[in-house]
Amino acid sequence: MSDGVYLFDLSGRITHRYDIRWDHAVPETLLSDYESLSRSRKDGGVYSYFYETPLVSRNELISTVYHRSVKASLQMSLDGSFCSLYAYDPQSMVISLSRYNFPLYADDHIVVCSLNGMMERFLDASSRSCLDAAARSFMEEGGTVLVVYHRSTVR
């Protein structure tokens, strides 16, 4: 595990490293042992770290993270001008299609996210109305849908 995000050029050389500073960082002793980290979380350890590979485009980082041991959606600018973190609180979880939930891919033009059948029941009313009947039915049966966000043109 790492709190660094590395950008590479096409030849594989690191061109930049961004260090993410978490308020509940994983202790150094657990960084190289995910099984121990999982055990520590089950025993009450509270940590913040990347859950999925972060995606970088348009000077933004988009990722699913654990924030204080709860899954969360992170979107932040690499220049530090904004940061949005939305925690999926298990007791009162609400998923809105107005944010990037569980991103899989991003470039300058689109962001692709996934929603699986277990998440369908947590969609807010506005998000439910955005999905057609076939997509809702597919999710209710346990299927996964891709949500594609088309970004405005890069200037």
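Reply: Ala, Val, Leu, Ile, Met, Phe, Trp, Tyr, Cys and Pro count as nonpolar, Asp, Glu, Lys and Arg as charged, and the others, Gly among them, as polar. On that basis the lining of the largest pocket divides into 12 nonpolar, four polar and three charged residues. The model is predicted, and local features need pLDDT of at least 70, side-chain atom pairs 80 or more, while totals for linings use all residues. Residues are numbered from 1 along each chain, and side-chain values use heavy atoms, without hydrogens or water.

The pocket (an open set of points on a 1 Å grid where a 1.4 Å probe fits, with protein on both sides within 12 Å along at least five of seven lines) has a volume, the space filled by probe spheres set on the points, of about 370 Å³. Its lining (residues with an atom within 4 Å of a point) comprises 19 residues. K71, M93, F102, N116 and M119 lie nearest the centre of the pocket. Two strands (DSSP E runs of at least two residues), β6 (70-77) and β8 (103-106), are the elements that give two or more residues to this lining.

The partner of β8 is β9 (residues 110-115), joined to β8 by three bridges and running antiparallel to it. In one of these pairings, Y105 has V112 in β9 as its bridge partner.

Elsewhere in the model, strands β1 (residues 4-8) and β2 (residues 14-19) also pair in the antiparallel sense, over five bridges. They form a hairpin with five residues between them, and G12 in the turn has a positive phi of about 95°.

Conventions. Helices (H or I, at least four residues) and strands (E, at least two) are DSSP runs, numbered from the N terminus. Two strands pair if DSSP finds at least two bridges between them.
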